[in-house]
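Good morning, colleagues. Please bring up the sequence and the structure, and let us go through the chain together.

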Amino acid sequence: MEFVRTSTAQREGDAPTRDRVARTILENGPSTAADLALRLDLTPAAVRRHLDHLVDEGVVESRDQKVYGTRGRGRPAKVFALTEAGRDSFDQQYDDLAVQAMRFLAETQGEDAVVEFARRRVAFVERDYAAVMATDPDLTPAEALARVFTQNGYAASVRDLPAANGQSVGEQLCQQHCPVSHVAHEFPQLCEAETEAIASVLGTHVQRLATIAHGDGVCTTCIPQTPKISEKEKA
């Protein structure tokens, strides 16, 4: 068997493609190699080669794919997710400073000040949600929220919840990237304020199922089906 040695020049030439693979995982959440190959228009073999390199570098890790609802036979598919080190390369250069500032606020002003800061930080949710819905009223509440969060530094998307009796029971708001995840690991008030803001603009209870700050690949919020109110009903 003949072994092909990868040169330093070749590895460096592959760096832009590896960056695309990592950013695609950031924007779409944990992904299978097949999904990445389709999104990036690469062969599965090429994607796996780049993934192997990213795993060796500690940028991504493989894990079993989470299945919501009834799981079929066989082992769950392997997906690749960004590690904490991988996320560090995406817009989180000031985490240490932010954590120190939050600690100072907690020590000098107390818990209430931390909660108030967290709520003030997510004021954009209510402000921008109304503007997005006014511009595009055909969006579902979850779709509007995904646009709001994406505009504010989160890579957010929407997935349908498994149907019950043939009818949709709601949607999942999925945030594949959180710009404050490392800070929120120590200060969960930031996550709690986000959930509170989402529930407030929708006028209904929502459930946070997972958070990046606590080791999950995606921040996931369960949003129940909310019927649209017609203009006649509003009047």
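Which strands does helix H8 lie across? Please bear in mind that what you see is a predicted model. Helix H8, residues 141-151, lies across E3, E4 and E6. Its direction is at about 160 degrees to that of E3.

Let me now describe the sheet itself. Four strands make up an open sheet, and their order is E3-E4-E6-E5, with antiparallel pairing. At the edges are strand E3 (156-160) and strand E5 (207-210), each of which pairs on one side only. From one strand to the next, the twist averages 30 degrees.

Strand E4, residues 170-175, and strand E6, residues 219-224, are joined in the antiparallel sense over six bridges. If you select leucine 173, you will find that its bridge partner in E6 is threonine 221.

A further helix lies across strands of the sheet. Helix H10, residues 189-202, lies across E4, E5 and E6, and this helix runs at about 140 degrees to E5.

How far apart are the end C-alpha atoms of H5? They are 21 Å apart, and this agrees with expectation, because 15 residues, 95-109, at 1.5 Å a residue should span 21 Å.

Which residues of H5 are buried? Asp95, Val99 and Met102 are buried. These three cover an arc of only 65 degrees around the axis, and therefore they sit on the same side of H5.

After H5 comes glycine 110, which has a positive phi, near 95 degrees.

Finally, some totals for the chain. Its secondary structure comprises 11 helices and six strands. Of its 235 residues, 39% count as buried. The chain exposes about 14,000 Å², of which carbon and sulfur atoms supply 50%. Among contacts between residues at least 6 apart in sequence, 57% join residues at least 24 apart.

Thank you for your attention.

Terms used
Residues are numbered from 1 along each chain as its sequence is written. This is a predicted model: local features need pLDDT of at least 70, side-chain atom pairs count only at pLDDT 80 or more; totals for chains, interfaces and linings use all residues. Side-chain values use heavy atoms; hydrogens and water are left out. Helices (H or I, at least four residues) and strands (E, at least two) are DSSP runs, numbered from the N terminus. The expected span of a helix is 1.5 Å times one less than its number of residues. Buried means under 20% relative accessible area, exposed over 50%, partly exposed in between (1.4 Å probe, protein chains only). The arc is that of the directions from the helix axis to the C-beta atoms. Two strands pair if DSSP finds at least two bridges between them. Axes are lines fitted to C-alpha atoms, for helices over the stretch in contact, and angles run from 0 to 180 degrees between N-to-C directions. Contact means heavy atoms within 4.5 Å. Accessible areas come from the Shrake-Rupley method with a 1.4 Å probe; for residues, only the protein chains shown count as cover.
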